[in-house]
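Keep the sequence and the model side by side as you read.

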Amino acid sequence: MKRIHLYALSLLLLAGCAQGQSNDHSPAKLPSLKPGEAVATFAGGCFWALEEGMNQLKGVHEVISGYAGGNVKNPTYEQVGTDETGHAESVQVYYDPKVISYSQLLDAFFAGHDPTTLNRQGPDVGRDYRSVAFYRTPEEKAEIQEAIKRTNDSKHYANRVVTEVTPITVFYPAENYHQNYFALHPNQPYIQSVSLPKVEKLRKAMVGHLKNNTALTMLE
């Protein structure tokens with residue numbers, strides 16, 4: 001959301017970020033894990049799109065945008081944006097494994113961003129936009145590796161997956177103004193030009209697992 005190669009898109013982006021920063025800068029609170037609920041953490045570029053994409057799925061109860069994979073405690077959006085804290089913009093997904101499996105979440109994750117571009121997603125450049133699948137158990141690590149193989153074997157992408165497979169250490173929730181940003185600002189230029197196509201791509205790949213079949217392009 002910060003470093004844009006195309007000047008015109010950069011202006012649109014900066015305008016959108018300026019709007020967001022006039023709101024609540026306090027960090028969001030993480031929900032308590034409910035009985036029978038599981039949690040998964042992913043990084044795939046701007047968290048606005050990935051949060052919305054995961055929220056589209058049946059069995060997903062809540063998605064929190066935040067920062068993971070870095071070495072600074074309680075980082076701010078501005079600190080992460082310097083690309084010096086080591087964090088990636090990430091989402092934490094709270095879901096019912098009886099309704100949607102971890103493997104299916106991985107399919108959605110790999111469909112909802114380009115996992116073959118190193119340290120960038122489209123116009124967004126930097127390690128804070130890198131692709132990461134964070135695991136909590138050896139079983140999850142094995143499922144991530146299988147999903148990467150599945151994605152490579154599908155030839156859906158011209159290049160091979162460069163997603164990092166990393167154990168989760170700590171997830172820091174992002175500021176409140178970032179939470180549910182896509183749904184709250186559907187006409188924001190960055191959302192329309194960058195985030196929306198990514199969410200629609202995830203939805204197309206996950207037909208049959210969506211909470212709502214209404215096309216997002218109908219948002220006004």
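Start with Lys-149 and Asp-153. They form a salt bridge, and their closest N and O atoms are 2.8 Å apart. The term means a side-chain nitrogen of Lys or Arg within 4 Å of a carboxyl oxygen of Asp or Glu. Both residues sit in helix 5, four residues apart, about one turn of the helix. Helices (H or I, at least four residues) and strands (E, at least two) are DSSP runs, numbered from the N terminus. Lys-149 is partly exposed at 47% relative accessibility. Asp-153 is partly exposed too, at 48%. Here buried means under 20% relative accessible area, exposed over 50%, and partly exposed in between (1.4 Å probe, protein chains only).

A note on the source: this is a predicted model, where local features need pLDDT of at least 70, side-chain atom pairs count only at pLDDT 80 or more, and totals for chains, interfaces and linings use all residues. Residues are numbered from 1 along each chain as its sequence is written, and side-chain values use heavy atoms, leaving out hydrogens and water.

How many salt bridges does a search of the whole structure find? It finds four.

Another one joins Arg-150 to Asp-107, with the closest N and O atoms 2.8 Å apart. Arg-150 lies in helix 5 (residues 138–154) and Asp-107 in helix 4 (residues 102–111), so this pair ties together parts 43 residues apart in sequence.

Now turn to Glu-164 and Arg-127. Their side chains meet in a salt bridge at 3.2 Å, N to O. Glu-164 is in strand 7, while Arg-127 is in the loop between strand 5 and strand 6. Arg-127, Arg-130 and Glu-164 are linked in a network of salt bridges.
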